[in-house]
Amino acid sequence: MPNHTFIVNGKKVSVDVEDDVRLLWVLRDVLKIHGPKYGCGIGVCRACTCHLNGKAFNPCVTPVKDILPTDEVTTIEGLAPSVGKAIHPMQQAWLDVDVAQCGYCQPGQIMAAVDVVKTAQRQKRKVTDDDLDQIRNVCRCGTYPRIRQAIRQGEAAMPVLKVTKPKKRKAKKKKPAARKPSKSGAEITGSTE
Ligand code: FES
Ligand code: FES
């Protein structure tokens, strides 16, 4: 089985999984990192939102073969350590505003919120109402008004990003050997934990 190496929450990991297994299942079922949630599996609900090299992405639609050895994946578990704190300012804002209801969508909401603030900071501006309108993370409990309030509060508390040049990502070289048909779907499933 192919081996894939990359960085998750600051640690180098190696996994033996078929190339076309989606990263969400690698995180949840192989690496046992359960913060990213499985909702739709097709890039719509955004419950699985994590960061790839500091930007929001959806691992449920990202085959593990597309992740490079130098890529840094951050899940909600790695968010606070990424700023050297026990709790990230956006998570603190979430607690202060008491955003969560059932909580299922909330890791993805917070990861999306941090991305929105960082994107605005890169552009040297504040988060706008339009930015908040563009967030597509679904919350079936309807916590949207509190999410918007918490993002404003979290933005005010977040350190200002140092703008650096984005890392260049080179595509992996294609392996010459023919691939066997994938068996991944039968053995790797998303839990609702
Ligand atoms: S589970 Fe990834 S977008 Fe829905
Ligand atoms: S808090 Fe329940 S789905 Fe968002």
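## Residues after the helices

Just after helix H3, Asp98 has a positive phi of about 55°. The model is predicted. Helix H1 also has a residue of this kind behind it: Lys32 follows H1, and its phi is positive, near 60°.

## The sheet

Five strands build an open sheet with mixed pairing. Their order is E2-E1-E5-E3-E4. Strand E2 (11-16) and strand E4 (55-57) are the edges, and each of them pairs on one side only. On average, neighbouring strands are turned by 40° against each other, direction ignored.

Strand E1 (residues 3-8) pairs with E2 in the antiparallel sense. The pairing runs over 6 bridges. Within it, Val8 of E1 stands opposite Lys11 in E2.

Helix H4 (residues 106-122) packs on this sheet. H4 touches strand E3 (50-52) and E4. The direction of H4 makes about 140° with that of E4.

## Helix H1

Helix H1 covers residues 23-30. Of its 8 residues, 6 are buried, so H1 is largely enclosed by the rest of the structure. The buried residues are Leu23, Leu24, Trp25, Val26, Leu27 and Arg28.

## Helix H3

Helix H3 spans residues 89-97. Its buried residues are Pro89, Met90, Gln91, Ala93 and Trp94. These pack against three helices: H2 (79-82), H4 and H6 (144-157). Two of these partners, H4 and H6, also pack on each other.

## Where H4 meets H6

Two packed helices are described by the angle between their axes and the distance between the axes. For H4 and H6, the angle is about 50° and the axes lie 10 Å apart. That angle makes H4 oblique to H6. The crossing is right-handed.

Which residues of H4 and H6 make the contact? From H4 come Gln109, Ala113, Val116 and Val117. From H6 come Ile147, Ile151, Gly154 and Glu155. By class, the residues of this contact divide into 5 nonpolar, 2 polar and 1 charged.

An α-helix has 3.6 residues a turn, so residues three or four places apart point the same way.

## In brief

H4 packs on the sheet through E3 and E4, and H4 also packs with H6. The buried residues of H3 pack against both H4 and H6, as well as H2.

Notes:
Residues are numbered from 1 along each chain as its sequence is written. Chains are lettered from A and ligands numbered from 1 in the order in which they are written. This is a predicted model: local features need pLDDT of at least 70, side-chain atom pairs count only at pLDDT 80 or more; totals for chains, interfaces and linings use all residues. Two strands pair if DSSP finds at least two bridges between them. Helices (H or I, at least four residues) and strands (E, at least two) are DSSP runs, numbered from the N terminus. Axes are lines fitted to C-alpha atoms, for helices over the stretch in contact, and angles run from 0 to 180 degrees between N-to-C directions. Two residues are in contact if their C-beta atoms, placed from the backbone, lie within 7 Å. A residue is buried if 20 or more other C-beta atoms lie within 10 Å of its own, exposed if 12 or fewer, and partly exposed in between; C-beta atoms are placed from the backbone. Angles under 35 degrees count as roughly parallel, over 145 as roughly antiparallel, 65 to 115 as roughly perpendicular and the rest as oblique. A crossing is left-handed if the near helix is turned anticlockwise from the far one by less than a right angle, and right-handed if clockwise. Ala, Val, Leu, Ile, Met, Phe, Trp, Tyr, Cys and Pro count as nonpolar, Asp, Glu, Lys and Arg as charged, and the others, Gly among them, as polar.
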